[in-house]
Protein chains: 2
Amino acid sequence: MRVGDSHYRTIWLEGNSVYMIDQNQLPFAFGIKKCEDWLETCSAIRSMNVRGAGAIGAAAGFAMAQAYMAGFHPEEALHKIRSTRPTARDLFYAVEKVYHAGQISVNNAVNVAQGIADENSEAGRKIGIAGENLIKDGDRILTHCNAGWLAFVDYGSALSPIYQAHREGKEVMVYVDETRPRSQGARLTAWELMNEQIAHKIIPDNAGAYLMGNKKVDLVITGADRIAANGDAANKIGTLEKAIVARFYGIPFYIAAPGSTFDVNTPSGSEIVIEERNQDEVNYQSGTDPTGNIQTIRVTNPGSQAFNPAFDVTPAALITGYITDKGIFSSQDIRIRLQSGSL
Amino acid sequence: MRVGDSHYRTIWLEGNSVYMIDQNQLPFAFGIKKCEDWLETCSAIRSMNVRGAGAIGAAAGFAMAQAYMAGFHPEEALHKIRSTRPTARDLFYAVEKVYHAGQISVNNAVNVAQGIADENSEAGRKIGIAGENLIKDGDRILTHCNAGWLAFVDYGSALSPIYQAHREGKEVMVYVDETRPRSQGARLTAWELMNEQIAHKIIPDNAGAYLMGNKKVDLVITGADRIAANGDAANKIGTLEKAIVARFYGIPFYIAAPGSTFDVNTPSGSEIVIEERNQDEVNYQSGTDPTGNIQTIRVTNPGSQAFNPAFDVTPAALITGYITDKGIFSSQDIRIRLQSGSL
């Protein structure tokens, strides 16, 4: 995707090194981080220089390939890469796949790791082509958090249909939820859209109902972290609120995700445990001061406690449809396809 | 109300000077600002050292009384005080009432200004007594923005029933919406509750649906900036979103406001023009750095625009009831009482 006048993937392998857009510097600086060996790649995953399920999966696969290339003990590398992030399903999947591939040859490990990244990119592209059909010329779309190409290897999930519509000449306008407390919308989604030169406005999370009630939103599209077998979707905190408000005003609400996000082993959303994250994410904010230096400041009443649930679960009944790399489906389609393994 | 071990009003007149809690320093520092003449009081209103409809009204009345005490030309003072904030109904009401009172005597102006402040405080106290009946021991209450005593002379509107319940020994827990972009919840409401030693947690605005859906909220109470004759209520952006979510989950949603907030001349919410405020409020945040200095930082993607509507309108149909200084009413009661002038 575009960054200024160039094109980038979020993460890629070149020779023995993994390169990635350093997401810890975004949106205030654009930099490429080079990880010369698998341990550096592990520490980049841990430090969230790379984030988002798809991008983390690719990083883990590349790290395992780097370990093989360096002749490092593969079981030890497997174990260490797995432990970089505790709950990332894509990470486990990728590292194990490359580990097994490397049992045949180092070259095979590299090829399989590359294939995982390519597949992730391709899934994003196909989500874009499927979802583009939902977008009319002139549509105003609301999105929450960052389900763009920075969370994947390329294209993204929720933003991919928007990029595709824009490429086909449709005029679109994106309302970008700030997405407190970590503000991935205001920082990453806005940065992506600016670089792709798509009209957008950052809005406080509080403004969703105002916009929807005043007929300023035609469509809501978000990503998902995990989708249960019945279609219930876990995503960034606040997604549920937008889904309820969209239903209240009769506005279509879509979830965009590749097949790998659907979890046949989770019957419904009530089985998904919601992570409670550190309250400092609510109490402190970072950004650039007038001299351009990054500062972290306290933004809430000192002495008060905060509560910081990271995700919520939107019930399938509130989801108009699912935009996947295999097409657009209803929750009933999803149930059938998951059972037959065709998602 | 309590600040540490002392008791304060938000604003008061002593001799020729107006004293006020400097809300520009809160929650990071507690300071009393002294305005020795009416021009200093005007500039404190303009600089938002004092904010909130009720507190601004009291400030404007005191400023007019100060102008009389100083022997200043009253028409000129009236005009200048009126122009400090363009849309504050309580301000116009108070300054004109004191202006007319001063035509009789300076002493009369001072007494009437004092009476306006006392009435505002008394309305808050009565809202507390009426609303306290809605709160059961152990209730968890969600509130948005700051409709506490800092927005009035004392007691507040939405928080007054909570203070009253606490005083009567009921255990309450308050979820405080951060209320981006200006974060009055995380800063002012949390500060008030901490000083009154009431259990509370600051939450990102995004967490409302998660909490309500998980049966962690028994009651929602917010204030209002203006309530139309049909019961539609304009309040801080995001209030509408909470009202929709509360309705979705069957949770009671109350608006607390004194009679002066109800506007018989506005037939419905659709006549209320929503102010769009400066996008810098979304793009920048201020707070204290680790050395305790106030810093302002950019928190969104540089180069992106933001959209910042200040208020939204919650339709009467979503409001369970109105907690007023005359009792708790339905929207139908409100219509009847407004017509008969008994609100």
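This is a predicted model: local features need pLDDT of at least 70, side-chain atom pairs count only at pLDDT 80 or more; totals for chains, interfaces and linings use all residues.
Analyst: Two strands count as paired when DSSP finds at least two bridges between them.

User: What makes strand E16 of chain A and strand E8 of chain B a pair?

Analyst: Strand E16 (residues 305-306) of chain A is joined to strand E8 (residues 199-203) of chain B by 2 bridges. The rule asks for at least two, so the strands pair. They run parallel, and A:Ala306 has B:Ile202 in E8(B) as its bridge partner.

User: How many residues are in contact, and what area do chain A and chain B bury between them?

Analyst: The contact takes in 60 residues of chain A and 60 residues of chain B. Between them the chains bury about 4800 Å², with 63% of that area on carbon and sulfur atoms. In chain A the residues that lose the most area to chain B are A:Asn206, A:Glu241 and A:Phe307, which together make up 16% of what that side buries.

User: Why is the link between B:Glu178 and A:Arg180 called a salt bridge?

Analyst: The closest N and O atoms of B:Glu178 and A:Arg180 are 2.4 Å apart. The cut-off is 4 Å, so the pair qualifies. The rule finds 4 salt bridges across the interface of chain A and chain B. Polar contact there, with both residues at pLDDT 80 or more, covers 24 residue pairs.

User: Which helix gives the largest share of the side of chain A that touches chain B?

Analyst: Helix H9 (residues 239-249) of chain A does, with 7 residues. The residues of that side of chain A divide into 31 nonpolar, 19 polar and 10 charged.

User: What makes the salt bridge of A:Lys170 and A:Glu132 a link between distant parts of the chain?

Analyst: The side chains of A:Lys170 and A:Glu132 come to 2.4 Å, N to O. That distance is within 4 Å, therefore the pair is a salt bridge. A:Lys170 sits in the loop between helix H6 (160-167) and strand E7 (173-177) of chain A, while A:Glu132 belongs to helix H5 (residues 106-132) of chain A, 38 residues apart. Over all chains the structure holds 28 salt bridges.

User: Where in chain A is the peptide bond cis, and what is omega there?

Analyst: One cis bond runs from A:Leu26 to A:Pro27, with omega near 0°. A:Pro27 lies in the loop between strand E4 (17-21) and strand E5 (32-35) of chain A. Another cis bond joins A:Arg180 to A:Pro181, with omega about 10°. A:Pro181 is in the loop between E7 and helix H7 (184-195) of chain A.

Notes: Residues are numbered from 1 along each chain as its sequence is written. Chains are lettered from A and ligands numbered from 1 in the order in which they are written. Side-chain values use heavy atoms; hydrogens and water are left out. Contact means heavy atoms within 4.5 Å. Buried area is the accessible area (1.4 Å probe) that two parts lose on being put together, summed over both. A polar contact is a pair of N or O atoms within 3.5 Å; within protein, one must be able to donate a hydrogen and the other to accept it, and residues adjacent in sequence count only if both atoms are side-chain atoms. Helices (H or I, at least four residues) and strands (E, at least two) are DSSP runs, numbered from the N terminus. Ala, Val, Leu, Ile, Met, Phe, Trp, Tyr, Cys and Pro count as nonpolar, Asp, Glu, Lys and Arg as charged, and the others, Gly among them, as polar.
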